[in-house]
Amino acid sequence: MFDDKRPEELAYVGRSSDRPDTMEKLTGEATYVSDMRLPGMLHAQVKKSPHARARIVRIDTGKAAAMPGVRAIITGDEVDVHIGLYIVDKYVLAKGEVRHYGEAVAAVAADSLEEARAAADAIEVEYEVLPPVLHHMDALKPDAPLVHPDLGSYGYVAAAFTPMPGTNIANHTKLRKGDVDKGFAEAAYIVEREYDCPSVQHVPMETHVAIVQWGKGDRVSIWTSAQSPFTVRNLFCHAFGLAHAQVRVQIPYVGGGFGGKAGIGVEPLCAVLSRKAGGRPVKFQATREEEFSLLPCRSALTYRIKTGVSAEGKIVAQQMTMYWDSGAYADYAVNVTRASGYSASGPYEIPNAWVDAYTIYTNKPYGTAYRGFGHVEFHWAVERHMELVAQAIGMDPLLFRLKNALRPGSKTLTGETIQKNTGNVVACIEDAARRIHYGDLTPEEKERQKQTGWKIGKGVAALHKAPAMPPFTATAVILKMNEDGSVLVNLALTDYGQGTYTSIRQIVAERLGFPPKKIRVAFENDTDRDPYDWQTVASKGLVLSGNAAILAAEDLLKNAYDVAAQALHANPRDLAHDGERVFLRHHPDKGVSFSSMAVGLALPNGNGIGGPLIGVGRYIAQGLSNLNKETGEGTPALDWTFGAHGMIVEVNEESGEYRVLKVASVYDVGRAINPDMVRGQAIGGMMQGLGTATCEGYIYDKDGRLLNPSFTDNKIPTAKDLPLEVECAVVETPQIDGPYGARGVGEHSMISVAPALGNAIQKATGAELTHMPMRFEDVWRALENREPIDNWITKSPVGSCRSAPEARPKE
């Protein structure tokens, strides 16, 4: 889809443009599901388990059923409905056994929210508490309790995933490239380390909310704050055995998602309550505390990396083992494992590689998609590891990264060859380093260090990510011309704050040659009215929907030219157009306006030509394949977006306190459709990355109860935490199959922020941090316990070096 045009030849692409939803959101006109009230609507509440693992002995709903306003109560025994995205392993309500703290065991629908809460509280549940398995590494032990003893009976997507019945392993992804044993035998140095990070919450501004009405003839209407309407419909229909034509999903404005709303959530719960309440609509909105415990989170990770390096500093072999904590259910965690597996080495070429990535069940809230889809977590390990390996072999970390970075001709872990148009991670690394004056302190920094007594350090971390999606992922866009010649764009890609609709409007405007003010993208998604889109995830929306939008614009113009050719008695090849009309190239005064053709051109004698002008664009991912389940070979990547962060911090060596002075972020976006939107994504993602780096993370007690299920004890960054200086820049290596050369950048700004911070702290103080978040006390502990590098690197007779294993941090 790439048009090889210079930036100055483009009228709207590559330029800033206002967001089409600005006024609605700023004035409060935008309608969210949270705002909606339907006639006769009931409110739902759930009874949640106080235990991480327990057998449900008895549920007594008698008292609750007699309370005022109560219209329906359900328990797991009444609802034999399984749901699941890739492994069908979850009931709508816990059935027989609860598998995590906060899991719903019963639900109530009542006339008011207060009545529903009172009734839920009145439900009595008797439990037989069972020993939970709370850490994913413990879940691998032979005597560990099985979270899902019936794993072997569950349905799953066999082409991509490999559950292991009789264990707590929901999926095992393998990649094998080259000869790892030979590579390690030839290495001059061998370094092994372990890194980890906890689960965190997505914390969208709008919590999960849905309204469902189970109507006559089993026709179901769903209004939801989800990211992907067709995914909700598809999973819902499979769970309830309904035809897709019986279910309509509508998504109005959505207050953020970050992956947590990518699949199906509270919709089935509302549906079974509505069905039992005689078809009255039922609304459930999660509290903030329920977001933390009832609903999914980002998976925790333990990552072990063993790296062999030549005397010249080239990585010759790497063994990578990922242990992903899925929590109680597989959901998206199995696909996170798969996607992280084929990207496990980061943006570096590893000639001999061995990857094992495991998805592991535990008795904790379940993991799902999160911005970056696992890449935030494992890049923490990869980029800290690159720093520590460079230190171990006595090479500058920046030079070590550049020496091993992917370049045209390099082979990825799955065997894909990097092309010139794939992107330029070397340019990103070099630019990020330049913007922080890597390798030295400026005179101003030296003076600041002298005045404050805090040590200043600088670090760099690189990143890459491809969309994690099926190889046949597809989408469609429809353009409809209005009577005045303006255009309405319909698509099911959901804009829940990322600004994709702004870029789609610019792409349509560019291809039609219309000013953006004549283009409107409909914000409300509707499976009955909009064309299909797989999901709004993975940073694939701009590429796939952008290409479909170009095709739709070309189709609309073709249809308009056909009508104009008849009216002007001309060959369509002799026509041209501007933003108002189609005209003869050689007689530009002779033409037909778009507005006159929009719903059918009326001739002077009353005859009509054409009909309503529409354009349809369909696009499907090109040239991708499934991965070989034994070797990992295949082509999983629609595109690769590369980037790098440079960071400057100052650290108080006595207390462990630190401040981020500057962040410089650089991404190869192919072509920036809207530079302001790229900058917004860059800053927003960077701040979210700082949150996961500095303060966010679930904390459990020994019984599996979540101790910090709110912002009181689970902090996220605010505007006051913004670094003193932020720079954002782009490298533009056009993507051949991207719309006007663009590729996605929605997730990438969050990736590798944490290791850039860790690297800068280490440069300033020598503190070696392998666990995030990096709280001030964590830095202080690392400083108090730090040892010279020779204490953890032991030279072997053949000149290799090996680090002592890192102890697992206590939660």
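In this predicted model, the C-alpha centres of domain 2 and domain 3 sit 36 Å apart. The two still touch: 18 residues on the domain 2 side are in contact with 22 residues of domain 3. Putting them together buries about 1800 Å², with 60% of that on carbon and sulfur atoms. On the domain 2 side, the residues that lose the most area to domain 3 are Tyr 86, Tyr 101 and Phe 258, which together make up 31% of what that side buries. As for salt bridges between domain 2 and domain 3, the count is zero.

For orientation, the chain splits into three domains, each built from more than one stretch of sequence. Domain 1 takes in 7-30 and 473-620, domain 2 takes in 33-132 and 208-285, and domain 3 is pieced together from 302-373, 387-395, 424-465 and 638-783.

Now to the nonpolar interior. In soluble globular proteins, nonpolar side chains tend to be buried together. Here, the largest nonpolar core runs to 229 residues, and the ones with the most contacts inside it are Phe 236, Tyr 303, Leu 479, Leu 512, Met 597 and Leu 757. Helix α14 (residues 541-568) supplies the largest share of this core, namely 16 residues. Leaving aside residues up to four places away in sequence, Met 597 touches Ala 560, Val 563, Ala 564, Val 582, Val 592, Gly 611 and Leu 613.

There is also a second, separate core of 16 residues, with Val 70, Ile 73, Ala 106 and Val 125 among them. Val 70 belongs to strand β3 (residues 70-75), a mostly covered strand in which five of the six residues are buried. Strand β3 runs antiparallel to strand β7 (residues 104-110), and five bridges join the two. Within this pairing, Val 70 stands opposite Ala 110 of β7.

On the charged side, the structure holds 43 salt bridges. One of them brings together the side chains of Arg 248 and Asp 526, at 2.5 Å from N to O. That pair links distant parts of the chain, with Arg 248 in strand β13 (residues 247-251) and Asp 526 in strand β24 (residues 525-526), 278 residues apart. Arg 248 has a relative accessible area of 22%, so it is partly exposed. Asp 526 counts as buried because its relative accessibility is 8%, under the 20% cut-off.

Another salt bridge pairs Lys 458 with Glu 445, where the closest N and O atoms are 2.8 Å apart. Lys 458 is in strand β20 (residues 455-465) and Glu 445 is in helix α12 (residues 443-452), so this contact ties together parts 13 residues apart in sequence. Both Lys 458 and Glu 445 are buried.

Glu 725 and Lys 662 also meet through their side chains, in a salt bridge of 3.5 Å, N to O. The partners come from two strands, Glu 725 from β33 (residues 725-731) and Lys 662 from β32 (residues 658-668), so the pair ties together parts that are 63 residues apart in sequence. Glu 725 is partly exposed, at 38% relative accessible area, whereas Lys 662, at 8%, counts as buried.

How values were computed
Residues numbered from 1 in each chain as written. Predicted model: local features only at pLDDT ≥ 70, side-chain atom pairs only at ≥ 80, totals over all residues. Heavy atoms only, no water. Buried < 20%, exposed > 50% of the residue type's maximum accessible area, 1.4 Å probe, protein only. Helix = DSSP H or I, 4+ residues; strand = E, 2+ residues; numbered from the N terminus. Pairing = 2+ DSSP bridges. Salt bridge = Lys/Arg side-chain N within 4 Å of Asp/Glu carboxyl O. Core = buried A, V, L, I, M, F, W, Y, C linked by side-chain atoms within 4.5 Å. Contact = heavy atoms within 4.5 Å. Domains from an automatic or database assignment. Buried area = accessible area lost by both parts, 1.4 Å probe.
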